[in-house]
Amino acid sequence: TYVIAQPCVDVKDKACIQECPVDCIYEGQRALYIHPEECVDCGACEPVCPVEAIFYEDDTPQEWAQYKAVNAEFFDELGSPGGASALGLIERDHPVVAGQPVRTG
Ligand code: F3S
Ligand code: F3S
């Protein structure tokens with residue numbers, strides 16, 4: 001799977017959403033999350049993120065290694081909805097994302 005890491009927090013550019021052929025990039029309050037079982041590893045999202053927040057799981061920088069679990073655990077309650085657009089904004093975040101300091105420009 002691919003993983004969305006810390007640079008997405010409070011940026012949420014969403015260019016990635018437009019590229020995903022299986023609609024598996026879900027919007028939380030402060031970041032987006034890739035569903036690890038719905039992602040087909042097409043890789044289309046990775047180059048379009050302007051802040052380089054997206055990585056193939058094995059290529060995620062060490063400082064953001066926990067984001068593989070962050071993306072997966074976001075779906076603990078949701079299961080596999082099979083499409084992000086139908087859900088729209090999900091008004092919560094994984095605790096790791098929720099705990100990030102708020103960016104002040
Ligand atoms: Fe976030 Fe980059 Fe997508 S900032 S919403 S991962 S394009
Ligand atoms: Fe979609 Fe990116 Fe996976 S475009 S299928 S989330 S690699």
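I began with Asp23, which I located in the loop between H1 and strand E2 (25-27). Helices (H or I, at least four residues) and strands (E, at least two) are DSSP runs, numbered from the N terminus. The model is predicted, so local features need pLDDT of at least 70, side-chain atom pairs count only at pLDDT 80 or more, and totals for chains, interfaces and linings use all residues. Residues are numbered from 1 along each chain as its sequence is written, while chains are lettered from A and ligands numbered from 1 in the order in which they are written.

I looked up the backbone of Asp23 and noted a positive phi near 55°, in a residue other than glycine. I recorded Asp23 as partly exposed because 16 other C-beta atoms lie within 10 Å. The classes are buried for 20 or more other C-beta atoms within 10 Å of the residue's own, exposed for 12 or fewer, and partly exposed in between, with C-beta atoms placed from the backbone.

I turned to Lys12, in the loop between E1 and helix H1 (15-19). Lys12 is not a glycine, yet its phi is positive, at about 45°. Lys12 counts as partly exposed because it has 18 C-beta neighbours inside 10 Å.

I then examined Tyr2, which belongs to strand E1 (residues 2-4). Is Tyr2 buried or exposed? Tyr2 is buried, because 25 other C-beta atoms lie within 10 Å. Leaving aside residues up to four places away in sequence, I listed its contacts, among them Ile34, Cys39, Cys45, Phe55 and Tyr56; contact requires C-beta atoms, placed from the backbone, within 7 Å. Tyr2 and Ile34 are 32 residues apart along the chain, and I noted 6.8 Å between their C-alpha atoms.

Conventions: Two residues are in contact if their C-beta atoms, placed from the backbone, lie within 7 Å.
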